[in-house]
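Here is my note on the structure below. Please keep the 3D view open as you read.

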Amino acid sequence: MIKMKIEDQLKTIEILKNGSAESKIEALSSLESQEFSAKVCEVIADLIKNEDKGVRNAATALIGSNRNASFPAFVARYITVNDLSVRNLAGEILINLGSLSVEPLINFPHHDDNDTLKFIIDVLGLIGDERASLFILGILSATENDNVILACLEALGNVKFDGAVDVMILFYDRNELYKPTIVEALGKIGSKVALEFLVERFPNEDELTKYSIVESLGSLGDMNTFFFLLEQMAEINGPMVLPLIRSLSMLKEKCYLDIPFDNRMKNLLLYTIAEGTPEDKKTAFNLIDTFDDKDILGASLNLLGEDYELDELIRSKMYRNTDFIYLEVARLINQNVPNLRNVLELFLLTIHYSKEFNLPVNISMVEIRNIVHAVTGLLDHYDEEIRKTAMEILFELDLESALLFIDVMANDENGWNRIRLLEIIENIPGTEFDPVILKFINDEDEMVRERAAYAAGIKNISQLSTNAN
């Protein structure tokens with residue numbers, strides 16, 4: 001960085017104090033690569049409460065990029081203001097400055113104001129620097145305010161201070177309100193003493209605390225914890241299934257263990273697939289990587305289209321179970337499921353995958369005819385993407401049926417679908433589909449006409465009738 005001259009600093013201070021919003025923003029921009037005094041830092045920090053949003057944003061950005069060690073003490077002044085937006089912005093800046101903010105926050109004169117003290121502890125916890133541990137532990141030992149106590153417990157977990165475990169255990173039975181926070185904090189700290197304590201207390205706790213314990217055991221636990229959680233499966237149901245599945249997955253990866261698959265586990269996974277967040281559902285599918293089940297595969301088809309990564313997981317499983325989707329797709333089409341487009345796209349990809357790798361598809365001709373019948377019913381569907389995918393599937397499964405329905409496809413109102421039809425038929429040997437190419441020579445859409453001419457050239461159609469219609 002270039003050190004600013006004193007006269008330049010004085011000019012900058014004057015602009016930042018009394019200039020227009022535009023001049024302040026320009027001055028702040030000019031300071032990006034400069035080294036300046038604590039006095040300039042003070043004036044810049046003062047701008048986080050400026051009425052102009054552009055000025056506030058410019059000051060915030062400069063503080064974050066410059067990272068002058070003087071900034072945290074000046075920014076910390078604004079954690080006691082009544083304006084919540086300024087107060088929260090000050091907190092965000094202090095968190096962004098990280099370890100630079102620890103000492104100024106510890107030394108900040110909070111005057112036993114519990115709201116300010118809680119704010120300081122929250123920020124220290126989010127910074128996560130262990131240097132704040134003894135300060136937070138001292139506040140925890142001295143305060144009687146529940147909000148401050150909870151903030152201390154959470155912050156000690158965030159900084160992963162092993163020395164707080166015994167104190168947390170002492171606080172555990174002091175108030176039911178503390179238990180979930182303590183459990184989460186012990187999980188983050190990750191000591192063996194904490195693990196043994198939580199496993200011991202689990203059977204006698206209420207549902208909320210049990211939920212927190214199960215959730216923490218994934219990061220905290222070991223091989224014995226894995227089997228302990230498996231033993232709890234018979235008793236766990238409802239929302240607690242979700243943290244159970246998450247923790248089993250974490251322990252499976254951590255300890256290189258296999259998940260036993262029985263009816264109970266299957267039901268837990270089905271619950272997770274139906275009720276969990278996208279991340280929970282991905283976790284469930286990763287747990288069933290080594291086995292396949294029709295109920296779970298069927299449930300997975302209902303999820304298509306919810307999340308891109310989830311779609312990828314489902315696709316990988318269907319590629320190993322091609323027969324299943326062949327047997328299911330006609331039923332799903334006839335039910336007009338909400339994610340029909342996604343189901344059809346997956347089915348088409350499965351067909352391509354099977355052909356590319358010469359995978360046998362053990363499906364009877366009766367089932368194929370059922371699929372063809374269901375797909376042809378979609379050729380006049382209101383959704384143009386569904387019509388296009390149905391057309392592509394039909395050509396993959398049964399050329400004779402495709403020829404039978406060629407007029408329906410050729411009259412598709414969407415020009416891109418007509419172009420896609422040309423792309424397909426130009427690569428089919430024989431002359432059965434040549435009349436369609438000739439028809440499209442006179443299409444109302446210029447791009448379709450151009451593509452038809454190109455297709456005619458590929459197939460060496462010598463008669464390009466301008467009256468093909």
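1. Start with a term. A pocket is an open set of grid points with protein on both sides within 12 Å along at least five of seven lines, and its lining residues have an atom within 4 Å of a point. Keep in mind that this is a predicted model.

2. Now the largest pocket. Its volume is about 180 Å³. Which residues line the largest pocket? Look for Arg87, Asn88, Gly91, Glu92 and Ile95, then for Asp115, Lys118, Phe119, Asp122, Val123 and Leu126.

3. Next, the helices behind that lining. H6 and H8 (114–127) each supply at least two of its residues. H8 gives the most, with six.

4. Five of its residues are charged, four are nonpolar and two are polar.

5. Helix H6 (residues 84–97) also pairs with helix H4 (residues 53–66): their axes come within 10 Å. The crossing angle is roughly 20 degrees. Angles under 35 degrees count as roughly parallel, so H4 and H6 are roughly parallel to each other. H4 passes H6 in a right-handed crossing.

6. Which residues make the contact of H4 with H6? H4 contributes Arg56, Thr60, Ile63 and Gly64. From H6 come Leu89, Ile93, Asn96 and Leu97. By class, this contact has four nonpolar residues, three polar ones and one charged one.

7. To sum up, trace H6 in the view. It supplies residues to the lining of the largest pocket, and Leu89 of H6 is among the residues in the contact with H4.

How values were computed
Residues are numbered from 1 along each chain as its sequence is written. This is a predicted model: local features need pLDDT of at least 70, side-chain atom pairs count only at pLDDT 80 or more; totals for chains, interfaces and linings use all residues. Side-chain values use heavy atoms; hydrogens and water are left out. Axes are lines fitted to C-alpha atoms, for helices over the stretch in contact, and angles run from 0 to 180 degrees between N-to-C directions. Helices (H or I, at least four residues) and strands (E, at least two) are DSSP runs, numbered from the N terminus. Angles under 35 degrees count as roughly parallel, over 145 as roughly antiparallel, 65 to 115 as roughly perpendicular and the rest as oblique. A crossing is left-handed if the near helix is turned anticlockwise from the far one by less than a right angle, and right-handed if clockwise. Contact means heavy atoms within 4.5 Å. Ala, Val, Leu, Ile, Met, Phe, Trp, Tyr, Cys and Pro count as nonpolar, Asp, Glu, Lys and Arg as charged, and the others, Gly among them, as polar. On a 1 Å grid over the protein atoms alone, a cavity is a set of points where a 1.4 Å probe fits but cannot get out, and a pocket is an open set with protein on both sides within 12 Å along at least five of seven lines; lining residues have an atom within 4 Å of a point. Grid points are joined across faces, edges and corners, and a volume is the space filled by probe spheres set on the points.
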